[in-house]
Amino acid sequence: MLGISLVIFLVMNVMPGDPLAILVDPKLGNLDPKAVELMRAKWGLDQPLYVQYLTFLKNALHGDLGYSYRFDQSVTWVVLERFPATIELALAAWIIATLLGTTAGVSAAVRHQTWFDTGSMLVALIGVSMPVFWLGLMLMYVLAVRLHLLPPSGYEGGDLRYLVMPALTLGLASAAVVARVTRSAMLNVIRNEYITTARSKGLSERVVIYRHALRNAMIPVTTIMGIQVGSLLSGAVVTETVFSWPGLGRLVIDSIMFRDLPVVQGCVLLFAVIFVLSNLVVDVFYAYLDPRIRY
Amino acid sequence: MTGGNPTTGKVIEGREAFVEVSSRLSYRQFWRRFAKNRGAVAGLAITLTMALLAIFAPFLSPHDPINSNLADALRPPSQEYRLGTDNLGRDVLTRILYGGRISLTVGLIVQGISVTIGTMVGLISGFAGGRVDDLLNGLINAVYAFPSLLFAIAVLAVLGPGLYNIFVALGLVGWATVARLVRGEVLSLKNREFIESARAAGASNPRVLLRHILPNCFGPIVVVGTLGVATAILSEATLSFLGLGTQPPTPSWGSMLSRGREYVWSAPWLTVFPGLAILLTILGLNLLGDGLRDVLDPRLRQ
């Protein structure tokens, strides 16, 4: 975690580019050098780099992520304001990915080497080969432009119709990955002897597949779902841009355009925290899935 | 579905256990297995087609990719403009063909950087062991675990948009995948008997590393390199779509889609076709990569 914060800070601060240069409009003519100095001092930009990092770290731990040049507000505020929309989108997408991905993966594995298996895996392969934003644009074209079923883009708090397309876009892309992993994990498990044993005990196929096989196949599937949290966050950046969804992803891109780097830094840090936490949850979940794993 | 003969794999493995040489295939064995793998052959065909289209774009395209012709703006697909024209009256087909050159270049250069750095770091980390390995492996895992697109976005946020910065950003994240794989291979190879016998014959460390270990890593490197080209092309398209990559008027699939987004209502061909080009290319590379894995490494086959 400390490492990630350092890397992000270094990337954002060591590279060339003066944040004040973009803020001060050249068209306004020469700004009083004294005013520039004053601004530098206000934001601590005149301090040596390691002091800046330590200050940044100390403040971040206190929930203070710095100051947004563009919004003239604290980054924490700006980020928290956009946070719920992204969580809403990512959660909906994650549910779609998990349900659809595991169901498709299990169904394909159970019908190994049938047309269903081949067909669904081809669809999944196309799914992983497709740019997320293109899928979003195609959904938008078909569902909104052609069929007028859903609003094309935007966000109204509480109106779920706006959520459908972004969530589908993000969810389907992840579902393809989850389906591929689930299928191969299931195929590995089904070959084991205890599955044959379970079958020969006369258990129904349902119980064999869901109780015996799926539980054991869950370890790689859980791993990939933890990793998917990361791709959902990256995907959110893209999906939010396509659908004008007012979450963190769009905030990042807008802030880059305005070179409002503290906001970019705050968002990326928050993404990293979520990512690390979700992988921690996955690790804890392993122990539940497989009692042999102890920490 | 993806054929391949399981018995061939067993024969190879059996021989390996017997003589303990290396698991490399001869060219003939390789091609025989490759030809049997339908997915791999289809992938190679698609990839080659897309590559040739991109390479010969200037001879194939009937129009100019850059100069605008406002009189013909936003024309739907027709005899003259097979895939329609964009908001500046440029032929979409021509721009897709030229865009392929950008994608191909990005894929190859980024993957070239990734494979070079990744192989070196992986070899050193796996071979050296001890503290060096702890340090390098920590670095590898940190970069590997972090969502790569986010990292690339953060790097581009600072460097500013542009094609060269894309090489840097994607190269900075891509090497870790290769390094992780190579390190794993080295760890499993370095205590094998044929390495010991090479040492017994008086081979020095660099010689063992370069002549005996590295060649045995080629198979996995080719697989992960092929899949990595797909990832790099997809990432470039995404970053250009977000406005962080290739800048206009250079035709790139991602930036074409970014422009097309504004015209989904009136000119859907601007979004449909560049997206299809990306889809086909990535699909071809993924099929080829998966197929190569089946062919080169029977142990990994599901």
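Where is A:Gln113 found? In this predicted model, A:Gln113 sits in the loop between α5 (75–110) and α6 (115–129) of chain A. Despite not being a glycine, A:Gln113 has a positive phi of about 60 degrees. With a relative accessibility of 58%, A:Gln113 counts as exposed, because the cut-off for that class is over 50%.

A:Ser244 is another non-glycine residue with a positive phi, here about 50 degrees. Its place is the loop between α10 and α11 of chain A. A:Ser244 comes out as partly exposed, at a relative accessible area of 29%.

Helix α10 (residues 205–242) of chain A meets helix α11 (residues 248–257) of chain A at an angle of about 80 degrees, and their axes lie 7 Å apart. That angle makes α10(A) roughly perpendicular to α11(A). On the α10(A) side, the contact is made by A:Ala236, A:Val237, A:Glu240 and A:Thr241, while α11(A) brings in A:Leu248, A:Gly249, A:Arg250 and A:Ile253. Sorted by class, this contact has four nonpolar, two polar and two charged residues.

Over in chain B, helix α3 (residues 38–55) has 18 residues, which at 1.5 Å a residue should span 26 Å; its end C-alpha atoms are 26 Å apart, so the two agree. The buried residues of α3(B) are B:Gly39, B:Ala40, B:Gly43, B:Met50, B:Ala51 and B:Ala54. They cover an arc of only 105 degrees around the axis, so they fall on the same side of α3(B). These buried residues pack against α2 (27–36), α4 (57–60), α5 (92–128), α11 (253–260) and α12 (269–296) of chain B.

How values were computed: Residues are numbered from 1 along each chain as its sequence is written. Chains are lettered from A and ligands numbered from 1 in the order in which they are written. This is a predicted model: local features need pLDDT of at least 70, side-chain atom pairs count only at pLDDT 80 or more; totals for chains, interfaces and linings use all residues. Side-chain values use heavy atoms; hydrogens and water are left out. Axes are lines fitted to C-alpha atoms, for helices over the stretch in contact, and angles run from 0 to 180 degrees between N-to-C directions. Helices (H or I, at least four residues) and strands (E, at least two) are DSSP runs, numbered from the N terminus. Angles under 35 degrees count as roughly parallel, over 145 as roughly antiparallel, 65 to 115 as roughly perpendicular and the rest as oblique. Contact means heavy atoms within 4.5 Å. Ala, Val, Leu, Ile, Met, Phe, Trp, Tyr, Cys and Pro count as nonpolar, Asp, Glu, Lys and Arg as charged, and the others, Gly among them, as polar. The expected span of a helix is 1.5 Å times one less than its number of residues. Buried means under 20% relative accessible area, exposed over 50%, partly exposed in between (1.4 Å probe, protein chains only). The arc is that of the directions from the helix axis to the C-beta atoms.
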